[in-house]
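Dear colleague,

I am passing on a structure that I would like you to look at alongside these notes. Please open it first and then read on.

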Amino acid sequence: MWVTTGVARFVSDGQDGTILELTPNISNKRSAAYYREQVVATEPWVIDLTFHKGISGGCPGDGFGVFFQNDLRGTDALPTSGWYGSVTPYTPSFGFQYYLMTSDCYLAWVENGTLVGKVQHGLFSQSGGEFKARMTFDGTKMIVDMQQGANVYSMTNLNAGARLAALGTPAWLGIVGGTGGCYGQQIVDAFTFSYTDEATRSFTNALELAAGTASAIEAVPSVAEGLPLAVGTVTVNAGSSLDLQPAADTDPDCVFLHLGDLIVRGDGTLTVAPEGTAAIAGDTWTFTPGAVLTLSGVLTLPTNVTIVIDGPIPDGRMNLVDLRGATVLNLEEVTFTLVGGDSTDRVSLRDGWLYTIGSQGTLLWFQ
């Protein structure tokens, strides 16, 4: 889901998950983490994020920003020169900088690296604990609502629609961090982006693949105005196959199609064409005992997938998904959890196979 550059990296949260370490406890560093696929910034959307200060060797700093950009460097783009008082070089870009310092902060809209509408106060800081923000764009204006403890503050940009349109679409979305003479470990605990009107443009109807049939879907960009084509729950019956094909002019770096939950009643295959990337967005996969799904091509998966077995789980190994022909871009971030069974059943991923097996424990994940 993410591409990191500079000193950004994902680290353990101590609870079998990962969080984004935007900067380590080192002075004068720059970093960024970008969504692996570009987004349509001009569509209505909402971003939610949570941030906190980690280890700090001195005065902690210097905050972060959320930006949409079409810089020629793509996901390698970093504001290597300016950070305090500007975000350069970084163009074309538009976003918001949360410059959190030891005991105060400044907040500013940033247009092509230039601060606009800067506000400085002591409501938020590195030492104030967990910091949360919601950025909401309705197609015209953007509102940023912020909270740290009991302190709240909001800022509105009435020209955000024009600024985002000037970038061109789609655009890269990223969270960017920096340190200077004041520095520290800066942690992003959560970051989500979603289109607020996605339901009105999605194909949410269920898709059932008849037994013994071969089907294909071609995602035409004009259908969803640049957004991925979204399909609802997919049911796979014995001997069925589905080929997922992008349109001829689809950007190969963008996910062209989202699939919902999976119901696998018999052996079947889902194949992504070599020139495309698809996403299984549904986080519940239900299997009839003995049914195996074969996946191939380039895919992304939800970070948490619930495996449901619709029937008794047999002793020993039972294959569920053959991933040997698939390239899962975010596999290191995915956790599979088995629902049901008894204390001897678990789900495992090894050598390209996802399967259940009887053993002690309810969840193990191998790679």
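The domain bounds used here come from an automatic or database domain assignment. On that basis the chain is divided into domain 1 (2-195) and domain 2 (202-358), and the C-alpha centres of domain 1 and domain 2 lie 33 Å apart.

Please keep in mind that this is a predicted model, in which local features need pLDDT of at least 70 and side-chain atom pairs count only at pLDDT 80 or more, while totals for chains, interfaces and linings use all residues. Residues are numbered from 1 along each chain as its sequence is written, and side-chain values use heavy atoms, with hydrogens and water left out.

The secondary structure comes to two helices and 30 strands (DSSP runs, numbered from the N terminus: H or I of at least four residues for helices, E of at least two for strands).

Of the 367 residues of the chain, 50% count as buried, meaning under 20% relative accessible area with a 1.4 Å probe, protein chains only.

Leaving aside residues up to four places away in sequence, Ile 307 touches several residues, including Phe 287, Leu 320 and Val 347, where contact means heavy atoms within 4.5 Å.

Best wishes
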